[in-house]
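Subject: Structure handover

Hi,

Here is the structure I promised to pass on. My notes follow below it.

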2 protein chains.
Amino acid sequence: MARWQPNASERLVVAALELFEERGYENTTVIEIAERAGLTKSTFFRHFPDKREVLFGGGAMTGLLVDGIDAAPTGAGPLEAVAHALDMIGAEVFTCDRREFGARRSAVIAANPELREREALKGLGLTASMIDALERRGVPDPTSRVAAELGALAWKIAYERWTDTANDDTFGELARRTLAEVRAAGAMC
Amino acid sequence: MARWQPNASERLVVAALELFEERGYENTTVIEIAERAGLTKSTFFRHFPDKREVLFGGGAMTGLLVDGIDAAPTGAGPLEAVAHALDMIGAEVFTCDRREFGARRSAVIAANPELREREALKGLGLTASMIDALERRGVPDPTSRVAAELGALAWKIAYERWTDTANDDTFGELARRTLAEVRAAGAMC
C-alpha cells in the first residue's frame, strides 16, 4: 500500500483522457480513472486534488514557467524572458511525441464547460505567476502586467497552433514566432 | 405577484452588498437578500441566475462595452475604439456617485474566493466580447486578441484606480490615461 508507482501521474492522465473521450467527462469517476491506470483512488488523490485537475498537470507548468523566466539572461527584456521560459517548456513538456496527446486533450476540454472554466482559471494563475516572476527581474508595473498578458496570449495561440496536427514546427519555434506577432500587433493597437 | 418593481435590480444589489459586508458572502442566502430589498425570491431570480451573479450586473456591462466599440468612429484604431466604450461606461455606469459603492464591492469580492473566481471569468467573457466587436470593425486576428487583452487590462487597472477613494478623476479620464500607459508599456516589452 502507498508504494511508489513509476509514472503514476502520467498513467492517470492517459487513462483519464481515454475515458473522457470514450464516455464523456461527466460520466467518468475518479475510481474508474484509477482502475484504468491500474492504480488506486488514493494514489489518484496523491497526484491530483480532483477529477478536473487531472488534465492540468497539478501546477507543474507554473513552476516550469517561473523557473524559465528566472533563468533568462540578465539583460533580456520582459517578453524575451517569457520566450526563454516557453523554449524550456517546449523542450521539456510540449515535445513532438506529445503533440497528438495535446490535440486530444484540447478537444476534450473544448467539449466540456467545467473543463473550459478550469482551463481559463489556470491561465489566469499562470499570468499572475508571470507577473511575479517579471517583477522579481525588476520589470516595473504596469509593464510587468502588460508583458504577462501578452506572454499568456502568445502561449495560448502557440499552443493552438502546436496542437494543429497539420503543423510540424516545435512548440518553441511556434512560441517565438507568435510572441513576435503579438508584439507587432501590440504596436499597431 | 410578479408585479413590476421600480429599481428592483439596484435594490437587490445594494441589499446583497450590505449583507455580504455584515455577515459574509457564504452566510447570506438569496431569500435574505430579497427580504432586505423588500422583494421576493422569485423577483431575485428574474434578475440574477444565482447569488454569485448579483455583484456582476447580469451581463449588462458586456452589452454596454460592445455597443461602445460598435459606436466608435469609423477611423478609430482598436484601442481607441475600446477607449470610446470605456468613456460610455464611465458616463453611464461608473459615475462619481457610484465610486464608494464600487470600492465596497471590490473589498467584498477580494475577501471571497468564489467571487474572485466569478470576477475572473466575467473578465474573460468581456475580453471575448471585445474580440468579437473588434473583428466586426475589421480588426484582424491576432491584433483583435491583443487589443482586447490590453483593453481588458486597462479596464481592470482603471477600475482599481477609480475605486481608490483618494482619487478624484472620473472613470473615463482614468481609463484613457491607463490605456495610454498600457500602450506605452506594450511598446517596451
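What rotation, and what shift along its axis, superposes chain A on chain B? The rotation is 180°, the shift is 0.0 Å, and the RMSD is 0.0 Å. The two copies are thus related as by a two-fold rotation axis. Please keep in mind that this is a predicted model.

**The interface**

Chain A gives 24 residues to the contact, and chain B gives 24 residues. Of the interface residues of chain A, 100% are also interface residues in chain B, so the copies meet through the same surface.

The area buried between chain A and chain B is about 2200 Å². Carbon and sulfur atoms give 70% of that area. On the chain A side, the residues that lose the most area to chain B are A:R145, A:V146 and A:C189. Together they account for 28% of what that side buries.

Next, the polar side of the interface. Between chain A and chain B there are 6 residue pairs in polar contact, counting pairs with both residues at pLDDT 80 or more. Which elements of chain A give two or more residues to the side that touches chain B? They are α5 (78-92), α7 (113-136), α8 (143-162) and α9 (171-187). The largest share comes from α8(A), with 10 residues. By class, the side of chain A that touches chain B holds 15 nonpolar, 2 polar and 7 charged residues.

**Salt bridges**

Side chains of opposite charge can pair when their charged atoms come close. Over all chains, the structure holds 30 salt bridges. Across the interface of chain A and chain B there are 2. B:R145 forms a salt bridge with A:E160. Their closest N and O atoms are 3.0 Å apart.

Within chain A, A:R52 and A:E114 also meet through their side chains in a salt bridge, at 3.9 Å from N to O.

**The annotated region**

Which residues of chain A does the UniProt annotation "DNA-binding region" cover? The record, an unreviewed entry, gives residues 29-48. Over residues 29-48 of chain A, the chain is 70% helix and 0% strand. The end C-alpha atoms of this stretch are 13 Å apart.

Best regards

Definitions and conventions
Residues are numbered from 1 along each chain as its sequence is written. Chains are lettered from A and ligands numbered from 1 in the order in which they are written. Side-chain values use heavy atoms; hydrogens and water are left out. UniProt positions are given in the numbering used here, feature names are shortened, and annotations may be inferred rather than shown by experiment. Helices (H or I, at least four residues) and strands (E, at least two) are DSSP runs, numbered from the N terminus. Copies are superposed by least squares on the C-alpha atoms of residues with pLDDT of at least 70 in both. Contact means heavy atoms within 4.5 Å. Buried area is the accessible area (1.4 Å probe) that two parts lose on being put together, summed over both. A salt bridge is a side-chain nitrogen of Lys or Arg within 4 Å of a carboxyl oxygen of Asp or Glu. A polar contact is a pair of N or O atoms within 3.5 Å; within protein, one must be able to donate a hydrogen and the other to accept it, and residues adjacent in sequence count only if both atoms are side-chain atoms. Ala, Val, Leu, Ile, Met, Phe, Trp, Tyr, Cys and Pro count as nonpolar, Asp, Glu, Lys and Arg as charged, and the others, Gly among them, as polar.
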